[in-house]
Each structure stands twice: as C-alpha cells, then as structure tokens.
Protein chains: 2
Amino acid sequence: MKKLINGVDNIVSEMLDGMVAAYPEYVKRLDGFEVLVRACGASKKVALVSGGGSGHEPSHGGYVGEGMLDGAVAGAVFTSPTPDQVYEAIKAVDGGKGVLLVIKNYTGDVMNFEMAADMAADDGIKVEKVVVADDVAVENSTWTTGRRGIAGTVFVHKIAGAAAESGADLENVKRIAEKVIANVRSMGMALDACTVPAAGKPSFDLQDDEIEIGIGIHGEPGVNREKISPVNAIADKLLAKIFAEGIYDSGCEVAVMINGMGGTPLMELFVANKHVKEVLAAKNISVAKTLVGNYMTSLDMEGFSITLLKLDDELKKFLNAPANTPAFVQR
Amino acid sequence: MKKLINGVDNIVSEMLDGMVAAYPEYVKRLDGFEVLVRACGASKKVALVSGGGSGHEPSHGGYVGEGMLDGAVAGAVFTSPTPDQVYEAIKAVDGGKGVLLVIKNYTGDVMNFEMAADMAADDGIKVEKVVVADDVAVENSTWTTGRRGIAGTVFVHKIAGAAAESGADLENVKRIAEKVIANVRSMGMALDACTVPAAGKPSFDLQDDEIEIGIGIHGEPGVNREKISPVNAIADKLLAKIFAEGIYDSGCEVAVMINGMGGTPLMELFVANKHVKEVLAAKNISVAKTLVGNYMTSLDMEGFSITLLKLDDELKKFLNAPANTPAFVQR
C-alpha cells in the first residue's frame, strides 16, 4: 500500500485539521470531536447534519456551509461515527428551529444517528431524520437492510440545505428532502477496488481486463464481474437499471451527477457524460443541471457512478439556489 | 490498461463535448476545433487564452468563464495543440482589446502558441504572451528549455483573469500575470505513474515501496526515486526546494495550492495541507487562501504538488475577486 499519510491511526483527525486549515472561512472543528460545523456557528434556521464513515471526501465536511450542511460528522474510514459524536454535532448547530439528520442507508449509520437523535430529543432539541437509499444495484447488501445510500445524498444536502436557508420549517425541510430521496437513483462501477488504510490491501481483486458493476462506496464488491467494455456500453448498463425504476419518463426534467470514485480522471467522467446526455436526449429527458467530478468518493477507487434526480419546480428552485461551501460553490 | 473510454482516437473530442454537455451555461465548442470558449462569446475586455495537451483536466477548459479564461485549446493527450487551433481560439475571443496567451513552459506549447500569435498579429489582433515556469524540480527537462510550467498556472488564470475582468488593459494584464509568475513556485511527486491511453502502459515503473520526487505533469520521471516516507516528510522535501528560491520570507503572505495529480484521494491532500500550513506558520508565513484538489492533473497519476504564491495587495485583490467557471467558482 502506498498512500500519502503519516500513519493509519490519525488519518481522519489530520484530514479534518487539514480541511479547517484550508477553509477557515467556512468550517471549524468541534474541540475534541471529529465534527466540522460552519465557522459562523449555529444559525436561526433549521440546521442540517450529515456524515458517516470517512473516505468519501469531499463528503461530508466539504458540504458544510451556506445553503448546504450545518455540521458533518466523520467516523473512522468506512465506519459509522459514534452516537456521541453525532449528538455533539446536533447540539452545536441547533439554533432553536430544529435539526434534520441526513443519513445514508447503512445499518451502522442509521443506528448511531438515531441514538444521537434520541439523546438530543431528551435535551428538548427537535430532531428529524431522512435516510437516503438511492443505489439501485442491490436490494440488500453486506451492510444494509434495503438499498444503500450513495452519491444521490449530495443532492439531498444541496436541495434540503437550500430549503432550510430559505427559512422553511423543519417539517417542510424534511418533506423536501424526502421528495429528493423519492426521485433520486444511482448506480456505480469500478475498474479497481480501493485500499482501506488499516487493511493495507485492495478490498477486492480484479483482473487486468475485468470491471465490477454495482459497487457501493465502502469497498464492497459489486453485483456482477465482467470483461471491460467501452464506457458507453458500461454507462448503458448502469442507466438501464436506473431507468427500470420507472421514475424517469419521456418529457421529464432531471439533474445528472457523473461521480468519480476518487481515483478516476475527470477526462473519463466527461467522456461518460457525453454519452449519458445523448441517451437522455434520445429518451426526451431534458437535463437542467449536471455535476461531473468527485462528489461522493470511495478513497482511491477507480470507477464512477451515475445519478439521476427527477426535478419539479420546487426541487429545481432549491437546486439552483446559491451555495457556498468548500466543495460546492454556486452563484 | 483499464480506462473509462470508448477508444484512444476520440478521447479529447468526446471529453470536450462532455464538458459542453455538462456546462452549456459556461462554455461552447468552436465548430470543428478542439477549442472551448465562453458561452457568451467575445467580450469587450482583454481576453485570455490558455491550453496545452489534454490530460490535465480540469485544466484548461474548466477555467473558461467569468473572471478567468476566455478560451482554452485542447491538444491530444500530453501533446501541444497545433498553431491553427490556437489561432482560431484567439480570433474567437478577441473583442478588440487584445488577447493574452498564458503558456505553460513546454517547448512545443511555446512554439505553437507563438506561431498562432504571429498569425493573429497579421490579422491586426493585439496579442501578448506570458510563459509560466513554476516547477522548481528541474532547470531543464525532456521537453523544456528552462523550468516546466505546472500547477502554478492556475493562479495565473485566476489573477490575470480577474485583472482583465476589472477592465485592465493588455499591458497591465500582462504585467500582473508576470508578477504572478515571478512569485509562484511548485514541486510535485508521484506514488505511481500515469498511463497515457495511446501508450497503454504506465509511463514509468515504481516498486511497491518507491515514490518519485520532482515529477512533471506529462508522465516524465522525476529527479529522484526513493523509498516512501510519511507524507509530512515528503512535503518537507518539496517545500525545501521551494523555499530555496528565496521568495518566501518571514512575514510574507502566500496562497497555497495542494494539487492532486488525478488519482489521489482528497483525504490525503488534506492530510498534506495540515502539515504545510504548520510549516508555513512556523516560518511566520501567513496563508491568505488555500486550494486543495485536482486543479492541474496528469491523467490518473497518484501524487500531488505543492504550490506557493507570494501575494501583495494587488495580487490578493484579484485572487479574491469573483470567478464563475465550471471548475472554479468564487463568490
């Protein structure tokens, strides 16, 4: 294993300090916790807290800032943060209007965020939660009951975050987040596995001509191993599963994310985007917004995922609203 | 070689179409050329054109937009664009106030951009050029006379672009670009080489415990091969060469870029940034702005570079000015 680290024990803490060092105008760290919150502290609006295991950067700390998250909790690599860490984040960001937890559907995350919500509720803080489960690759997985939550989570941060910034109350912010969740689907693939630092070797092995279809974001293998094909054919396979959901009809409008898994050059993501856009056009689906890049990664994994989000006027308005965070700035 | 492509021949063209498909509000492609220009066309200010071989994404097309570039010319992977392509870009963006070419110091780029400048001058277009040579690793290289131009180029785009946007004339935009060039230095390293699609194999081979110090951005080997060490020690080596330039004195203010080479997880770049910031603080050098991410890549290379830019009031003002491009948005 070759990585740009100082050791496996302090990676997450050093990373968080490195983020604060880079973006002091956006984020600060809660003393003694692996939690980033907005530099300005709690605000008078509904607050959003997300997080999960580390290794998905810029998720989640990169999305802390105006128009997106108020706090992000960073567990160890691919490991749920403990309830006490989430609880501290909730207390730090609540300004009296309540807190929405945005959880990716992994069993550990759901359990620990729920425990933290109960602890905060005991303090009289209004807490609601939504669980993102956008990955169409599998119905259940090693670490989930039900579908996994992956890159589509970023659209929940953006849109629910903008709703909160607009002054919507907790009930409405939750309703809007759930509408995003109902309308967003993703599927990914890998050319090569990632290497978890503490493990020291790739989480699965692929031959020089093999790819893995339907991977998650925690180094778990996918649902199908096959010979590599042109990226257009690979994208067609991912899109076929996404279209099978029956959400994306002729005439609808979508947002698209072509998400790199961490080790994939931007050049290749743009090549994939060209084809995805053509396939959507042929289906009479218009694209209101496209994100191409590393949004929800899996350490150094080479591969990508495709996410489609069906928009209505409300979702589109909040998707296009301003945001100002380390990893997502929009004017 | 495993890559997310359809074939080696059309990668650049497909990538450019994929960029336009993603960001139609920012960029359009010149019909029949591998050139991206602002979607709004020529403006009444001094225009900036940059570019070079492809494989450095988001450079350079990702920086076309308000406050940065007006046009970007994309050669084949790691290959200078031809003079006629640069010439078309110049003609397309000139609005009468003249055009500044921002060239990374590689022999082919300098020659071809200069030929294009001569062709445009024959048409009566005012054209000036600056050559970025920020890489302190080598005095001359395989493909350059003098130092190579690498990630520091992005600061030239940002600052000279903001100067042009503010209404500065061609002479002043060039003066400011040259001040950036005088004050910016970079150095990089790799954990693993990149694979040029047409070559099909890594451009050099490293053992499982080896790194390469002083790499460029075109797959060329570095100046020193050694055993891997903690990232703090690696960063110290890069910084030592940069500090030896005698530019970054106690009490000065800098901008920092921790640039990923394309295959490096953001987590590792933030770990590096923590240490760089501490080293600068110990030297009584303050950091006005930090960029961490994939700004000037080398395909799928794993590694990073450190760039320091010494600021004065003028450079800082333009660095902090708004920008709105696909890969760099600042409010």
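Tutor: We begin with a rule for strands: two strands pair if DSSP finds at least two bridges between them. Please keep in mind throughout that this is a predicted model.

Student: What makes S8 and S9 of chain B a pair, and in which sense do they run?
Tutor: Strand S8 (residues 210–213) of chain B and S9(B) are joined over 4 bridges in the antiparallel sense, and because the rule asks for at least two bridges, they count as paired. Within this pair, B:Glu210 stands opposite B:Lys227 of S9(B).

Student: How do you know that S7(B) pairs with S8(B)?
Tutor: S7(B) and S8(B) share 2 bridges in the antiparallel sense, and the cut-off is at least two, so they qualify as a pair. In this pairing B:Ala190 has B:Glu212 in S8(B) as its bridge partner. S7(B) also pairs with S12(B), in the antiparallel sense and over 8 bridges, and there B:Met187 has B:Ile306 as its bridge partner.

Student: Why are S9 and S11 of chain B said to stand at the edges?
Tutor: The open sheet of chain B has 6 strands in the order S9-S8-S7-S12-S10-S11, with mixed pairing. Strand S9 (224–227) and strand S11 (286–293) each have a single partner strand, so one side of each is left without a neighbour in the sheet. On average, neighbouring strands of this sheet are turned by 20° against each other, with direction ignored.

Student: What covers S7(B), and how many of its residues are buried?
Tutor: Helix H5 (residues 170–183) of chain B lies across strand S7 (184–192) and strand S12 (302–310), running at about 55° to S7(B). Helix H6 (residues 231–243) of chain B also packs on the sheet, where it touches S7, S8, S9 and S12, and its direction makes about 40° with that of S12(B). S7(B) is mostly covered, with 8 of its 9 residues buried.

Student: What makes the contact of B:Lys237 and B:Glu226 a salt bridge?
Tutor: The N to O distance between their side chains is 2.6 Å, and because the cut-off is within 4 Å, the pair counts as a salt bridge. It links distant parts of the chain, with B:Lys237 in helix H6 and B:Glu226 in strand S9 of chain B, 11 residues apart.

Student: How do you know that chain A and chain B are related as by a two-fold rotation axis?
Tutor: A rotation of 180° with 0.0 Å of shift along its axis superposes chain B on chain A, with an RMSD of 0.0 Å. The two copies are thus related as by a two-fold rotation axis. In chain B, the C-alpha nearest the axis belongs to B:Gly263, 2.0 Å from it.

Student: What makes B:Phe78 worth a remark?
Tutor: B:Phe78 has a positive phi of about 55° although it is not a glycine. Most residues other than glycine have a negative phi. B:Phe78 is found in the loop between S4 and helix H2 (83–93) of chain B, and at 16% relative accessibility it falls under 20%, so B:Phe78 counts as buried.

How values were computed:
Residues numbered from 1 in each chain as written. Chains lettered and ligands numbered in written order. Predicted model: local features only at pLDDT ≥ 70, side-chain atom pairs only at ≥ 80, totals over all residues. Heavy atoms only, no water. Axes fitted to C-alpha atoms, helices over the stretch in contact; angles between N-to-C directions. Contact = heavy atoms within 4.5 Å. Least-squares fit on C-alpha atoms with pLDDT ≥ 70 in both. Buried < 20%, exposed > 50% of the residue type's maximum accessible area, 1.4 Å probe, protein only.
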